[in-house]
Amino acid sequence: MMENEKGAGVAVISSGIDADSFGKIRMAGLMESKGLVVTVDGGKAVSCSGWGFAGTAVIDGTVWFCGDVPFVFRALDEILGGGCGGWDKKKAALAAVAALSASFSGEAGGFPVGNTGGCGILVSDDCTRVLLLPGDVCEFCAVNSGAYAKKQGFFIYKGLGAAEQSLFTRAVIAYRALSGTFPYAADDDSVRQTDILDRNFVPLSHKVNGIAGALSSAVDAGLSIPLSFEPIPGERRYRNDRAEKIRAEIIARASAFDLDSFRAELFASERKPELSDDEFRAREENESRSRRRRISFSRFFRRNRARIFGTAVAAVVAAFAAGSFVESNGRLATSRGLSSAETAHVFYSFAHKADVPNLSEIAKGRKMKDFIQIITGFYVNGKERESFNASDKTVSPEEWVFFKPSTTFWMYGITNLRIDGNPVPSRADFPRRSERREPVREENGKMLKKGDVSAHAAEYFFITMDASRINVERVSETVSLEWNGSRWIVRALEPSGGKNASSSVRIKEFASEYQAALDSAHGDVRAAAASLREKYPWLPSETDMESGARDLVESYGSTAAESFLSGAR
């Protein structure tokens, strides 16, 4: 960026190309793009007005976009880089954050301008005014600059909408101002975009000891906004409502960014540490290890998505000793001889055990494809982890509670299953093909004929884990079944009751609470679980814990499980 004087026709940003090349490109659309001038007072936007380019000029053989700018300015990427004497980095960052907040919220007449990176955030010398150049112009100029990452790439997430981009860029600037580093700092564009996709950054609370929790959460959320999937007309692909709900929750957390809190943290003369220096470094090292492990699994899953979700599902499952997280004798199940409610129960039992072959015997059809693929994904990821490290074995929730809370075992499964309001075990007995059972002929006093349908209400908690959190989804849905002339088949799952909700808890936090509960109960697993069930209603029922205990006594000779069973007698 050149030294700039205020006034009309100021050279604002370099296109990076010469006049001959520029003349061969149709630039009318870029010239008409609108920017935003924001006046800032006390760290908040007080007025906004639209801004447009006035023309171009050739300087030293390079074409520059020009416009009327009523203040002396420098670009934020240069200010943060330390190349601008007279511009205060902290004040410039505060002004930029305030301007982006107005751009996102519409406060004081602001509006989104798109992918505006550091080269397009122009700050006045007194840091009271900011010009946000149009994002498409910034992108064009940065691509031709030879320094794309520093000028543009570090600040944006390609693919976000204009409003969401303001949230992301605001979070990047706040993170950089408070921690001294960019959250996503890979020079290679594809590497950086992949890091953003995988949220491969150090949480702000692990970079700044004692940072305000709410502010850190808002910044982290702004850096974690997923892209929205837009179905292409004519394609048989559908929006994932569950993913969109999570996305909306992340955007809501990012939107809760508080400018007063940011200003206080930015200019704090001292900050009360949350941890000692040694404890803080140790926490960051642990978080980095967990993050690397999470990302490794995430990228494995993406690389093998076609293998997992395509026609090779059976081959992949077989490659990991197909069956389930629970050993089976290899004989396929059937729903022949079962009522529709019993079939629904068996269906959820197979989902609970990630028993993909048998799940595929009970549930069939296009509407069940996504569900089976999701369970397959959890199964394959679990077996992949275990193949790397036996201590990363996956167990069910009713088994996990019998291990020490410090266990490295992962948790997966269904808890507190209800069919039509009646509590049932997460594990169900089921017939096998070899038994050649007679089919049911009637249900509820009605003779069955091919094509008859039945529906049952199901409620349960679906428990999964990642490298640092226990993820809990409370599910309320209707399971629809069809009688094919000899047995019931699960055909569809539809949300119902409006009770679906997602939550999570840090593994370390829960493990600490569970250990304390065990200590208070003198090692009594039943009493410890009961004491936490009000806070964590997803904990398995005593009935399910008995099933888990029996398996652990048989498989591991678990003394905790044996004591639990002795108390149940």
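Q: To start, is S166 buried or exposed?
A: S166 is buried, with a relative accessible area of 2%. Buried here stands for under 20% relative accessible area, exposed for over 50%, and partly exposed for what lies in between, with a 1.4 Å probe and protein chains only.

Q: What sort of model is this, and how are residues numbered?
A: This is a predicted model, in which local features need pLDDT of at least 70 and side-chain atom pairs count only at pLDDT 80 or more, while totals for chains, interfaces and linings use all residues. Residues are numbered from 1 along each chain as its sequence is written, and side-chain values use heavy atoms, with hydrogens and water left out.

Q: Back to S166, then: where is S166 found, and what does S166 touch?
A: S166 is found in helix α7, where helices are DSSP runs of H or I with at least four residues, strands are runs of E with at least two, and both are numbered from the N terminus. Leaving out residues up to four places away in sequence, S166 touches L100, S103 and F104, a contact being heavy atoms within 4.5 Å.

Q: Which salt bridge does E164 form?
A: E164 forms a salt bridge with R247, and the closest N and O atoms are 2.7 Å apart. The pair links distant parts of the chain, 83 residues apart, with E164 in helix α7 (residues 162-179) and R247 in helix α10 (residues 241-255). The term covers a side-chain nitrogen of Lys or Arg within 4 Å of a carboxyl oxygen of Asp or Glu.

Q: Are E164 and R247 buried or exposed?
A: Both E164 and R247 are buried.

Q: How many salt bridges does the structure hold?
A: The structure holds 20 salt bridges. One of them joins K44 to D260, with 3.3 Å between the closest N and O atoms. K44 lies in strand β3 (residues 44-52) and D260 in helix α11 (residues 259-266), so this pair ties together parts that are 216 residues apart in sequence. K44 counts as partly exposed at 33% relative accessibility, and D260 likewise counts as partly exposed, at 34%.

Q: And what does K449 pair with?
A: The side chain of K449 meets that of D452 in a salt bridge, at 3.3 Å from N to O. D452 counts as buried, because its relative accessibility is 9%. Elsewhere, salt bridges that share partners join E139, K158, D189 and R192 into one network.

Q: What about G451, where does that residue sit?
A: G451 has its place in the loop between β14 and β15 (453-465), and is partly exposed at a relative accessible area of 35%. Not counting residues up to four places away in sequence, G451 touches E482 and W483.

Q: Now backbone: what is phi for D60 and for N444?
A: D60 has a positive phi of about 50° although D60 is not a glycine, and N444, also a residue other than glycine, has a positive phi near 55°. D60 is found in the loop between β4 (55-59) and β5 (62-69), and is exposed, with a relative accessible area of 79%. N444 is found in the loop between β13 (442-443) and β14 (446-447), and counts as exposed at 78% relative accessibility.

Q: Last, the overall picture: how many helices and strands does the protein have?
A: The protein has 22 helices and 18 strands, and buried residues make up 49% of its 569 residues. Among contacts between residues at least 6 apart in sequence, 68% join residues at least 24 apart. The accessible surface comes to about 26,000 Å², of which 50% belongs to carbon and sulfur atoms; accessible areas come from the Shrake-Rupley method with a 1.4 Å probe, and for residues only the protein chains shown count as cover.
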